Amino acid sequence: MYQFGLKKRHSTGLCTSMVKRTIDYYLKRGSYVFASFVDFRKAFDRVNYWKLFTQMLRNGVNKCYISLLAYWYSHQTLHVAWQGICSEKFSVGNGTRQGGVLSPHLFTRYVRLLIYALTLSKLGCNIGGLFVNLFAYADDMVLLSPS
């Protein structure tokens, strides 16, 4: 419910509507709502993929897929091109591939424990016993709290 990115029928518009409805609910009852907007754009480069793969194994993802990803990520090399000159190749020890089709999915799995911990904290906005303190879309997150 809290992660709207990369799910069927969970668009940016739906996420935005849920944030707005939560804020409206509190404002109509005379309460403040404080929002913190977090953009994890640079976090893709900092993902510890060994930690990610371990989490995925614990979540029951097929070992064959994890082995393939582990091989792929542990053998990647890059170079920097600047003004027509390329650096020598170098290894990369963390991060998900920028622009990669899997990168948003892998990042979502990586932050899953953070989302889970925040939702279980019972802090933030509460509507009828349901805590609506966090809305996430791909690498963006909104935290809501009445105080």
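**Close-up views of a predicted chain**

**View 1. Gln55 in helix H2 of the predicted model.** Gln55 is buried, its relative accessible area being 9% (buried means under 20% relative accessible area, exposed over 50%, partly exposed in between, with a 1.4 Å probe and protein chains only). The residue is found in helix H2; helices (H or I, at least four residues) and strands (E, at least two) are DSSP runs, numbered from the N terminus. Apart from neighbours within four places in sequence, Gln55 is in contact with Arg109, Tyr110 and Leu113, where contact means heavy atoms within 4.5 Å. This is a predicted model, in which local features need pLDDT of at least 70 and side-chain atom pairs count only at pLDDT 80 or more, while totals for chains, interfaces and linings use all residues. Residues are numbered from 1 along each chain as its sequence is written, and side-chain values use heavy atoms, with hydrogens and water left out.

**View 2. The buried residues of helix H2.** In helix H2 (residues 49–58), Tyr49, Leu52, Phe53, Gln55 and Met56 are the buried residues. Seen down the axis of H2, these residues fall within an arc of 160 degrees, so they line one face of the helix; the arc is that of the directions from the helix axis to the C-beta atoms. An α-helix has 3.6 residues a turn, so residues three or four places apart point the same way. The cover over the buried residues of H2 includes helix H3 (63–74), helix H4 (103–110) and helix H5 (112–120).

**View 3. Lys89 between two strands.** Lys89 is placed in the loop between strand S4 (85–86) and strand S5 (90–91). With 67% relative accessibility, Lys89 counts as exposed. Not counting residues up to four places away in sequence, Lys89 touches Thr77, Leu78 and His79. The C-alpha atoms of Lys89 and His79 are 4.7 Å apart, although the two residues are ten residues apart along the chain.

**View 4. The chain around these sites.** Five helices and nine strands make up the elements of the chain, in the order α-β-α-α-β-β-β-β-α-α-β-β-β-β from the N terminus on. The radius of gyration of the chain is 19 Å, well over the 15 Å that the globule rule gives for 147 residues, so the chain is more spread out than a compact globule (the radius is taken over C-alpha atoms; the rule is 2.2 Å times the number of residues to the power 0.38). The C-alpha trace spans about 60 × 40 × 25 Å along its principal axes. Of the 147 residues, 30% count as buried.
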